[in-house]
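Hello,

Here is the structure I promised to pass on. Please have a look, then read my notes below.

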Amino acid sequence: KPVHIEVKEQNEIDEEEEEEDEEEEEEEESEESEDSEGSEDEDEKTSDERELDSQAIGKQSMEKKPSKEISSDSEYDSDDDRTKEERAYDKAKRRIEKRRAENSKNMNTEKLRAPVICVLGHVDTGKTKILDKLRHTHVQDSEAGGITQQIGATNVPLEAINEQTKMVKNFDRENIKIPGMLIIDTPGHESFSNLRNRGSSLCDIAILVVDIMHGLEPQTIESINLLKSKKCPFIVALNKVRYTDVAVTLKKQKKNTKDEFEERAKAIIVEFAKQGLNAALFYENKDPRTFVSLVPTSAHTGDGMGSLIALLVELTQTMLTKRLAECQELRAQVMEVKALPGMGTTIDVILINGRLREGDTIIVPGVEGPIVTQIRGLLLPPPMKELRVKNQYEKHKEVVAAQGVKILGKDLEKTLAGLPLLVAHKEDEVPVLKDELIHELKQTLNAIKLEEKGVYVQASTLGSLEALLEFLKTSEVPYSGINIGPVHKKDVMKASVMLEHDPQYAVILAFDVRIERDAQEMADSLGVRIFSAEIIYHLFDAFTKYRQDYKKQKQEEFKHIAVFPCKLKILPQFIFNSRDPIVMGVVVEAGQVKQGTPMCVPSKNFVEIGIVTSIEINHKPVDVAKKGQEVCVKIEPIPGESPKMYGRHFEATDILVSKISRQSIDALKDWFRDEMQKSDWQLIVELKKVFEII
């Protein structure tokens, strides 16, 4: 049969696809054969033929074949419309997977792309200074050899690398394989914790800036841990502040500063060791794979910059060839969304692998779901000399990897920063890629653990959201809901749920986002507070203040209900007045006595003897007496009850305890937690048994 041969040839050409197809067709076959059991002609065909037949149909949707199986195809269509769409979806999915696999197979380790380099470190160690030094190499010569300032990233071309390293001894300038570098200057952490592109971090290598005078500061350590967890290689720039008195004769200064430098460098190496890292000065470092290199630099004079760049080049070429191998698979990350006058909303994208062309169909993550749009224009800042010209950006038809690029397109307003950008090669791939992005976003948001009770957090990008949540976590502020983008009515609705549970958390923290008018009006009517700020700390301070005020107000409200636990032992030699009011000396055996605490005697049928109205130590009145103190207490009778008397209702051998109840315990838990010690809670547990409180 002609069909037979046709399929055979096809087989040889497309063996891989065939295999995948076959499995699927067989499944379909089994369903379809049940339906078609009745029809005679189907039955007459041998099962073998039938299988081939169905294969041909599978093929035919790929390449339109004229031929006789079309009639049977229409049969299937009437059967089930859905499988066709599903089949198209699966086909596209398989095509994408196959393309990815092939791309990763065809990586070319001879040709490298520019590495992406992150600069991080503690505030004020001179991160930006170092970058400025790198950038301003030759602004004055106003030639293209300088370094282009790119979107959120600085592109360092090869010429600049050569220029910077010309003073470096034994650096092999001839054999630089990388075409340049892309240095990202971001608020250190955000770019990292967030730009996880399909599980691998954006950076190829990082520069950690350490101030030699201060050693490892908290943020430096945080950065180290980030790098460790991402398994990202890094080198350290020891940024040494200007040397002191130059006037002192050079010899002397050389000796002194040299000693001081060595001493400080040693101290820093020790600090790295504490963090579980081996470190060594780069010119003494024999084994860069296990030892972190320290490069002494001075951002003020520009010393050491050459060595820093030379080292970066060497490391990236030797250790990261696999990572930097040129690969057609697209990897791009949306960095930020900006509105530009005359251009509408643009997105800044860091292109790590592959290429982008004008007219590509791109899929970017959006606040309300993935956005599908065409690239209208790719903008790159021009080389140094034209930066002063008015039209700042140049349009490009295509951009190749490791670049920061601005993308123009329509419908980009609601784009989410901090997630991958995908390109669809064919129409039918759009749904597949959309699902991928939705999955990615879901994963990111689900990874954020929410509390039952807590504030509602809203931020402009995923990065700032994560940064804000991280900050709230360290400051122990629980959050119950999160969202990205402007504050809408639905967000206010969600936050208002807390009014029932815990009104102190009926709050929206809006970081760097706008608040819709109707949302604000609704919040005012419901009683939801919205705090908004451009700076995390301001936002946090406003909320903290609100929380403290709220707590104070609640403590006032509950102070008569809340009873602090205490156990008092009577000192019989200090009974000053035996009834109305009882005034006597006691030792606080456990817990704490406060004014207003109701006292009772468990051993005498829980007889309530009254309320502590004043406490004195050495004739000085105090508000509270803690465990172990000997104090004098005045206990006044409970209003409306007959006064109780020492010697009749209770004796010196009796222990007095504060009368607690379920309500009082709850009030303590809710509002007075920070005034209670662990031992106080233990006493509560003990007293609960005595009072049989459930």
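**Salt bridges and a surface patch**

Asp674 is exposed, with a relative accessible area of 56%. Please keep in mind that this is a predicted model.

Asp674 forms a salt bridge with Lys551; their closest N and O atoms are 3.1 Å apart. The two sit in distant parts of the chain, 123 residues apart. Asp674 is in the loop between helix H20 (662-671) and helix H21 (678-691). Lys551 belongs to helix H19 (residues 536-558). Lys551 is partly exposed, at 27% relative accessible area.

Helix H21 also holds Glu686. Glu686 pairs with Lys567 in a salt bridge, with 2.9 Å between the closest N and O atoms. Lys567 lies in strand E27 (residues 566-577), and 119 residues separate the pair. Lys567 counts as partly exposed at 22% relative accessibility. Glu686 is partly exposed too, at 38%.

Next, look at Lys397 and Glu358. Their side chains meet in a salt bridge (3.5 Å, N to O). Lys397 is in the loop between strand E19 (394-396) and strand E20 (398-400). Glu358 is in the loop between strand E15 (355-357) and strand E16 (361-364), 39 residues from Lys397. Lys397 is exposed, at 63%. Glu358 is partly exposed, at 29%.

How many salt bridges does a search of the whole structure find? It finds 22. Arg95, Arg99, Asp428 and Glu429 are linked by salt bridges in a network.

Last, the patch. Met493, Leu499 and Leu526 form a nonpolar patch on the surface. Together they have about 230 Å² of accessible area. Met493 lies in helix H16 (residues 489-496) and is partly exposed, at 44% relative accessible area.

Best wishes

Terms used: Residues numbered from 1 in each chain as written. Predicted model: local features only at pLDDT ≥ 70, side-chain atom pairs only at ≥ 80, totals over all residues. Heavy atoms only, no water. Patch = residues over 30% accessible without salt bridge, like charges linked within 9 Å, V, L, I, M, F, W, Y side chains within 5 Å. Areas by Shrake-Rupley, 256 points an atom, 1.4 Å probe, with all protein chains shown as cover. Salt bridge = Lys/Arg side-chain N within 4 Å of Asp/Glu carboxyl O. Helix = DSSP H or I, 4+ residues; strand = E, 2+ residues; numbered from the N terminus. Buried < 20%, exposed > 50% of the residue type's maximum accessible area, 1.4 Å probe, protein only.
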